[in-house]
Amino acid sequence: MTTDTDWQARESALLDCANTYGVVLSDSRLDNYLRLLGNVPARTLELALDAHARDPKCGRFFPQVADIFAKLPNENAHPGADSAWAIAMQSFDEEASVVWTKEIAAARNLALPIWEAGDKVGARMAFRDGYEKAMSNITSAPVWTLSPGHDLLLRQEAVQHAVNAGLITKREGSAMLPHHNAIAPEVHDAINSGLLEGRIRVREASEMKSNGMGAGTAKRLSGAVVDHPRKEEEGQRRFARIMNQAIKEADERDAERRAKLREQVIDEDRAMERRRNEMLMMLEQLKAKEG
């Protein structure tokens, strides 16, 4: 049975989506969408709307009901062992943050002492074994939580990646991002809104927070509609030039980090294959001696 709270949350998700596309939903059209969506939970609806908006093809237009159903995620699907390991590896860096499930965290803890001993291949094998055992008995949907590292910028990147990957909703991502002591809550919320909807980048958000930017400027840069005082125009142009350079540097850093991660996974795969072949060869030799 759909509760009033869930109904209101679904209505809010549709209205937020319509606002993003500049569409005005009449009461009758909104009611029709809600009726046709049936008992789709609010969180599932938010994930579907986010996935539609990110689709380079159909995302250019406000979704029809069929478009929404086409993007409904399988919320009971846990990541495979390889994808889970890619998430877990990031947690070995105390500066980094990860958005993960309790099953990934538990398997990572099994692999941690092996990783710290310098055996990365052995750590991966231990992780896979622990994670696959957990998955064999799993009956519940994954619950994604943030494991925060020391670096606030990397924390924001981890949350944004989880939102972009469809693991969590923008609303959940915004709740995970910490308030900055130097700014007011309304400024923090405006910045996070722009960050998670892709209107501003992670480094821009970090600069806005660390600079203690005023609410008007933050809302304007994050996409909210507010007055534009002339006295701030020159400062915003200067800030935009700084941000353009910061965005370029952040993109280069992110690409380099992802390339290194891919290379590391490939190297580990090769090492695992070599170890497997060595074990098979030893087994054949033992059989030959026994024969």
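Student: Is Thr169 buried or exposed?

Tutor: Thr169 counts as buried because its relative accessibility is 1%; buried means under 20% relative accessible area, exposed over 50%, and partly exposed in between, with a 1.4 Å probe and protein chains only. The model is predicted, so local features need pLDDT of at least 70 and side-chain atom pairs count only at pLDDT 80 or more, while totals for chains, interfaces and linings use all residues. Residues are numbered from 1 along each chain as its sequence is written, and side-chain values use heavy atoms, with hydrogens and water left out.

Student: Where is Thr169 found?

Tutor: Thr169 sits in the loop between α8 (152-164) and α9 (170-176). Helices (H or I, at least four residues) and strands (E, at least two) are DSSP runs, numbered from the N terminus.

Student: And which residues does Thr169 touch, not counting those up to four places away in sequence?

Tutor: They are Arg43, Glu46, Leu47, Asp50 and Val163. Contact means heavy atoms within 4.5 Å.

Student: Let us step back. How many helices and strands does the chain have?

Tutor: There are 13 helices and two strands. The chain has 291 residues, of which 36% count as buried.

Student: What share of the contacts comes from residues 24 or more positions apart?

Tutor: Such residues account for 66% of the contacts in the chain with a separation of 6 or more.

Student: Now helix packing. At what angle do α6 and α7 pack?

Tutor: Helix α6 (residues 102-116) and α7 pack at about 155°, and their axes are 8 Å apart. Axes are lines fitted to C-alpha atoms, for helices over the stretch in contact, and angles run from 0 to 180 degrees between N-to-C directions. The two helices, α6 and α7, are therefore roughly antiparallel; angles under 35 degrees count as roughly parallel, over 145 as roughly antiparallel, 65 to 115 as roughly perpendicular and the rest as oblique.

Student: What is the handedness of the α6 and α7 crossing?

Tutor: The crossing of α6 and α7 is right-handed. A crossing is left-handed if the near helix is turned anticlockwise from the far one by less than a right angle, and right-handed if clockwise.

Student: Which residues make that contact?

Tutor: From α6 they include Ile104, Leu110, Ile114 and Trp115, and from α7 they include Gly122, Phe127, Gly130 and Met135. By class, the contact of α6 with α7 has twelve nonpolar, two polar and three charged residues. Ala, Val, Leu, Ile, Met, Phe, Trp, Tyr, Cys and Pro count as nonpolar, Asp, Glu, Lys and Arg as charged, and the others, Gly among them, as polar.

Student: How do α5 and α7 cross?

Tutor: The axes of α5 (residues 81-90) and α7 (residues 120-136) come within 10 Å and cross at roughly 125°. Helices α5 and α7 are therefore oblique to each other, and the crossing is right-handed. Among the contacting residues are Asp82 and Trp85 of α5, with Arg124, Phe127 and Arg128 of α7. This contact of α5 with α7 has seven nonpolar, no polar and five charged residues.

Student: What about the angle between α5 and α6?

Tutor: Helices α5 and α6 pack at about 60°, with their axes 10 Å apart. That makes α5 oblique to α6. The crossing of α5 and α6 is right-handed. The contact involves Ala84, Trp85, Ile87, Ala88 and Met89 of α5 with Ile104, Arg108, Ala111 and Trp115 of α6. Its classes are eight nonpolar, no polar and one charged.

Student: Where does His78 lie?

Tutor: His78 lies in the loop between α4 (65-70) and α5, and it counts as buried because its relative accessibility is 17%. Beyond its neighbours within four places in sequence, His78 contacts Glu103, Tyr131, Met135, Ile138, Ser140, Ala141 and Pro142.

Student: Last one: which residues does Met125 touch, leaving out those up to four places away in sequence?

Tutor: Met125, in helix α7, touches Met272 and Arg275. Met125 is partly exposed, with a relative accessible area of 35%. The C-alpha atoms of Met125 and Glu268 are separated by 9.9 Å, although the two are 143 residues apart along the chain.
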